[in-house]
Structure formats: structure tokens, C-alpha cells
Amino acid sequence: MTAAAPAASPAPPQVLLAHHLRQLKLPTFLREYEKVAAEAAREGLDHVRFLLRLAELELIDRERRMVERRIRAAHFSAVKSFDTFDFTAIPSLNKPLTLELARCEYLIARDNVIALGNSGTGKTHACLALGLAACQRGFPVFFTAAGLVHQLMEARDERRLLKLQAQLAAVKLLIVDELGYVPLSQTGAELLFEIFSQRHERGSTIVTSNLPFEEWTSVFGNQRLTGALLDRLTHHVHILELNGESYRLKQSKARRRRDPRPPDEVAAAADPETGEIIRAS
Ligand code: ADP
Ligand code: MG
């Protein structure tokens, strides 16, 4: 007769607990429970308050993780907020309206926002900040600049246009930055028009442009299409006007005042967007 194999000793409860918490996707519970248990013992908290504290930590962390996920999914060109935006630098911008928009109620009303103004006045900064505010309040956002038209054309050629259109229609906020720098082909204009049409009254769109409305025909190349597009975009719209001196130019002038070396002693580079000379030092 062979001797019975010794019974496997059960896994210690910590190991099982860690496994279950991972399965339940409660990483903060897992990371914090020993520390919170020690605190609870010190403070004489009962088991309900101990669990409550852990649950609160998990909720706070989960919210933070979701905001981070939304920010990644938005594909922002940079993460910027109104905390670093100097409203005094751009008096043409309606500050109360901008801060009201940052509260995101326009997203519930499915209103659009159009930011117009010359180059370097903070249009991209402002729309990134509105996008960030939307992510922080739980709205899915997608940010795109001139590349959107290219993406749409590529998707059409690869027969996945419907999928991309569905994705763009599904986000609560679509940001199309810098419309107007490059004129669109007829197909490009039609594809972009379709996106705006599909989103009309279903979700909010933010558009920024260096061109006043009268000149949008030069981008879309077709008066009828431009009229129909403006009709949809401006149906429920908040307009932000950012006209003034370029913030970049102002900053580089201030830097030059602080550094009076002749220009050939200072490495200089041209801003690709505005052509203005930026000092590298
Ligand atoms: P635009 O999109 O209108 O060309 P940007 O938003 O790209 O301008 O602004 C150019 C640079 O200047 C960016 O780095 C931006 O963060 C900064 N900037 C512009 N306006 C302001 C402002 N009022 N306060 C702080 N930074 C600003
Ligand atoms: Mg810009």
C-alpha cells in the first residue's frame, strides 16, 4: 500500500485575498488594505468604517484612472488647462463665456463652439483646455487637427470609412483644430462636411480657425457646401473671438528685451506655423 500524499496546505488568506481583489479589479483595495487596517486599529475604527475608507480610496483612484484613460483616448496634441491661460493677454476673448464653457453644460445641450482669431492667440490652448475639462467631467473627447481629412481619405481608400465615421460620431466632443490653414480637396471637404452633418444635434463639435466665416469658402472650395456646413455648425453655437497680438510673438519680444545680444549671437529658429523668429536660448 502506498502512503497517502500529504494534503496541500491551503494558500495563506493574503494570497487568496490578493487574487480575488485582482479579479474584482480593486487595485487600490489591494494596495492600501494593510495600511488602512493599521490606521483603523490605531484610531479604533470598526470594520464598517475600515471598509468605507478603503471603498472611498478605490473610488477616488478609479475616477482618476478614468480621466487619464479619457485623456489618452482624446489624442490631445498637448495637455493644457485654463490654469495656465492668461486671460489678460487676450482682451477680445470673452472670459466669463469661456469659463462657463469649461463647466461643460454646452455638451449636454449638444452646442458647438467656434474659436476664431489670428495665429498665436491661444485658440489651440483654449480648445485643449475645453477638451481637458470635458475629460475631467466624464465626457469622451477626440481631438484632431488638419490630419482629420487625411485620416478620413485614408479610411475611405481602405474601406473603413464607416467605422471611422461611427467612432467620430460617438464621442461627446469632437475638436477640429486649425481649420483653414490648408485648403481642402473636394473629396476632403465633402468628407469633413459629412462628419459635421452626422454630429449635428447629436454631439458637440469645437472648431478653431484663423479665418473669419466669410473666408471659409476658400477652404471648402464650394460656396454651397460651405453654406450648408456653416448652417449646421452655427445652429447652436458659442463663438470665441481671439484676435490680438500673437502670444508667442509677444513672449519672444519680451525675451529679446531681457537678452539684448545681437541676433547672430543667439540661436534662432522660425516658428513653422507663423514664420516668426523664436530664440532657442
Ligand atoms: P493659436 O492656436 O491661436 O495659433 P496657440 O494656442 O497655439 O495659438 O498659442 C501659442 C502658444 O502660446 C502656446 O504655447 C499657448 O499655450 C501659448 N498661449 C497663447 N495664448 C496664451 C495665453 N493667453 N495664456 C497663456 N499661454 C498662451
Ligand atoms: Mg492653433
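**Strand pairing and helix packing**

Author: In this predicted model, V176 stands opposite V207 in β4. The pairing concerned is that of strand β3 (residues 173-179) with strand β4 (residues 204-209), which run parallel and are joined by five bridges.

Reader: In what order do the strands of the open sheet lie?

Author: The open sheet has five strands, ordered β2-β3-β4-β1-β5, with parallel pairing. Because β2 (141-144) and β5 (237-241) each have a single partner strand, they stand at the edges, and one side of each lacks a neighbour in the sheet. On average, neighbouring strands of this sheet are turned by 10 degrees against each other, direction ignored.

Reader: Which strands does helix α6 touch?

Author: Helix α6 (residues 123-136) packs on the sheet and touches β1 (112-116), β2, β3, β4 and β5. The direction of α6 makes about 170 degrees with that of β3.

Reader: How does one read a helix pair, and at what angle do the axes of α9 and α11 cross?

Author: One considers the approach of the axes, then the angle. The axes of helix α9 (residues 186-199) and helix α11 (residues 223-233) come within 10 Å and cross at roughly 25 degrees. Angles under 35 degrees count as roughly parallel, so α9 is roughly parallel to α11. Their crossing is left-handed.

Reader: Which residues of α9 and α11 meet?

Author: From α9, A189, F193, F196 and S197 meet L225, L229, R232 and L233 of α11. The residues of this contact comprise six nonpolar, one polar and one charged.

Notes
Residues are numbered from 1 along each chain as its sequence is written. Chains are lettered from A and ligands numbered from 1 in the order in which they are written. This is a predicted model: local features need pLDDT of at least 70, side-chain atom pairs count only at pLDDT 80 or more; totals for chains, interfaces and linings use all residues. Axes are lines fitted to C-alpha atoms, for helices over the stretch in contact, and angles run from 0 to 180 degrees between N-to-C directions. Helices (H or I, at least four residues) and strands (E, at least two) are DSSP runs, numbered from the N terminus. Angles under 35 degrees count as roughly parallel, over 145 as roughly antiparallel, 65 to 115 as roughly perpendicular and the rest as oblique. A crossing is left-handed if the near helix is turned anticlockwise from the far one by less than a right angle, and right-handed if clockwise. Two residues are in contact if their C-beta atoms, placed from the backbone, lie within 7 Å. Ala, Val, Leu, Ile, Met, Phe, Trp, Tyr, Cys and Pro count as nonpolar, Asp, Glu, Lys and Arg as charged, and the others, Gly among them, as polar. Two strands pair if DSSP finds at least two bridges between them.
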